[in-house]
Amino acid sequence: MEESLRTYKVVTYGCQMNVHDSERLSGLLEEAGYAKAEQDGEPDLVVFNTCAVRENADNKLYGNLGRLAPAKQAHQGMQIAVGGCLAQKDRDTIVRKAPWVDVVFGTHNIGHLPALLERAAVEKKAQVEILESLETFPSTLPTRRESAYAAWVAISVGCNNTCTFCIVPALRGKEEDRRPGDILAEVEALVAEGVVEVTLLGQNVNAYGSDLGDRQAFSKLLRACGEIEGLERVRFTSPHPKDFTDDVIAAMAETPNVMHQLHMPLQSGSDTVLRAMRRSYRQERFLGIIEKVRAAMPDAAISTDIIVGFPGETDEDFEQTLHVVREARFANAFTFQYSKRPGTPAAEMENQIPKAVVQERYERLVALQEEISWEENKKQVGRKLEILVAEGEGKKDDRTDRLSGRAPDNRLVHFSRPEGGVRPGDMVTVEITYAAPHHLLAEGPVLDVRRTRAGDAWEKRQAAPETAKPAGVLLGLPKIGAPAPLPPAADGCC
């Protein structure tokens with residue numbers, strides 16, 4: 001009787017870098033002979049890819065580990081692994097608090113997971129391996145892509161910034177850039193497989209080139225992506241205002257397949273708070289970037305990150321943030337209440353803001369941004385847009401007999417299901433008839449359907465045996481793009 005494959009599930013928390021790492025982990029496990037667990041099945045292996053940015057990150061992890069303890073006791077041979085930023089930070093603490101964990105690995109050695117699991121099984125004790133520096137660039141590892149039509153491509157790892165609220169540089173290390181030729185080769189290979197949209201990924205993506213000695217390397221990379229035949233949409237996340245230069249704006253405006261969509265983390269509109277955060281730009285510089293982007297691309301949709309209640313933030317400081325929000329007119333914003341993270345300078349600062357004050361400011365900010373998002377979305381009504389059909393973006397699609405996808409500027413669009421059918425990865429042209437703060441609606445018939453190689457790739461993947469399909473990644477944060485670009489790292493690590 002043939003022995004069945006061991007099954008696995010990857011549970012991911014946090015930022016887009018973690019999601020991409022989880023694709024690598026899935027690829028490694030499948031190369032090692034594991035198979036994706038059924039949605040409702042009990043896996044032989046559970047891997048938690050953790051985030052250390054939010055205050056409740058460790059509570060969420062230990063709560064999940066606690067719930068898994070009885071299952072592991074009842075399931076002979078079941079293994080549990082914990083990796084990612086929280087593993088890099090807490091190390092032996094995880095095994096002390098949850099001794100039933102088999103493997104703890106860090107952000108620099110995800111490629112070692114299969115070997116560590118095997119060693120834990122043989123030695124019957126937990127394996128803890130945390131490297132202090134990157135051993136292998138993640139993109140050289142096997143990958144099981146979550147989508148047939150859109151893909152992440154890491155262009156750098158690590159971060160050279162020293163923001164006082166962020167622990168990521170300490171956990172991910174200094175920035176290391178990939179060679180442009182390696183990046184473009186990966187993009188070309190993805191396009192050959194049917195991918196039509198690529199998101200260039202970095203902890204501080206537009207600082208790309210600092211490790212290569214070329215300050216214009218990022219804009220050159222964007223233009224080079226424009227030369228790849230069959231690549232229809234290029235995005236990137238997340239940039240830093242201090243590194244956002246005019247040549248990047250020009251490359252975005254002049255390269256047809258680079259989308260007019262930009263995520264630009266603000267964090268605070270107050271120069272005093274920005275100084276305390278150790279952010280090297282000020283309000284005038286930030287608004288100047290927004291003005292230049294809109295001059296070059298009037299249709300650009302700009303999103304941001306904002307932290308409310310940073311230590312020492314006064315009412316006047318907060319009013320400056322509201323001022324920037326009104327001036328910038330963001331399409332949407334990821335807003336966070338400041339939370340202490342042990343190991344960061346901000347956690348030791350005086351004048352920590354009372355929770356009630358932070359909550360009141362947060363609610364005012366959210367209300368203002370909701371109003372602006374709705375007004376900006378209403379400007380889309382009557383426009384004809386080409387939508388990249390997505391998989392699983394519309395929670396009510398089955399009930400409403402609609403499908404969902406992303407416009408070029410990344411706005412979420414729900415549209416009527418065409419009579420002839422359409423596949424994720426195909427393109428449809430629709431006319432926008434209604435706008436809500438967080439989505440657009442095209443209630444009329446689809447004007448055009450363009451079948452694509454990406455749709456063919458999705459169809460081929462669906463016909464493949466279950467073991468050949470991509471591993472599921474359970475996300476700890478909401479989705480914002482196709483296939484589901486994650487929001488920037490919580491508490492704005494960029």
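The model is predicted, and local features need pLDDT of at least 70, while side-chain atom pairs count only at pLDDT 80 or more. Residues are numbered from 1 along each chain as its sequence is written.

**Whole chain.** Show the protein chain as a cartoon: it holds 15 helices and 22 strands (DSSP runs, H or I of at least four residues for helices, E of at least two for strands, numbered from the N terminus). Of its 494 residues, 59% are buried (under 20% relative accessible area with a 1.4 Å probe, protein chains only).

**Helices α11 and α12.** Select residues 283–296 and 315–328. The axes of these helices, α11 and α12, come within 11 Å and cross at roughly 10 degrees; the axes are lines fitted to C-alpha atoms over the stretch in contact, with angles from 0 to 180 degrees between N-to-C directions. The two helices are therefore roughly parallel (under 35 degrees).

**Aromatic rings.** Four aromatic pairs are present (ring centres within 6.5 Å; planes under 30 degrees apart are stacked, over 60 edge-to-face, the rest tilted). Select Tyr281 and Phe286: with centres 6.2 Å apart and planes at 35 degrees, the pair is tilted. Both residues are buried.

Next, select Phe310 and Tyr338, an edge-to-face pair with 5.5 Å between centres and 70 degrees between planes. Phe310 is buried, at 0% relative accessible area, and Tyr338 is buried at 12%.

How values were computed. Side-chain values use heavy atoms; hydrogens and water are left out. Buried means under 20% relative accessible area, exposed over 50%, partly exposed in between (1.4 Å probe, protein chains only). Angles under 35 degrees count as roughly parallel, over 145 as roughly antiparallel, 65 to 115 as roughly perpendicular and the rest as oblique. Rings of Phe, Tyr and Trp (its six-membered ring) pair if their centres lie within 6.5 Å; planes under 30 degrees apart count as stacked, over 60 as edge-to-face and the rest as tilted.
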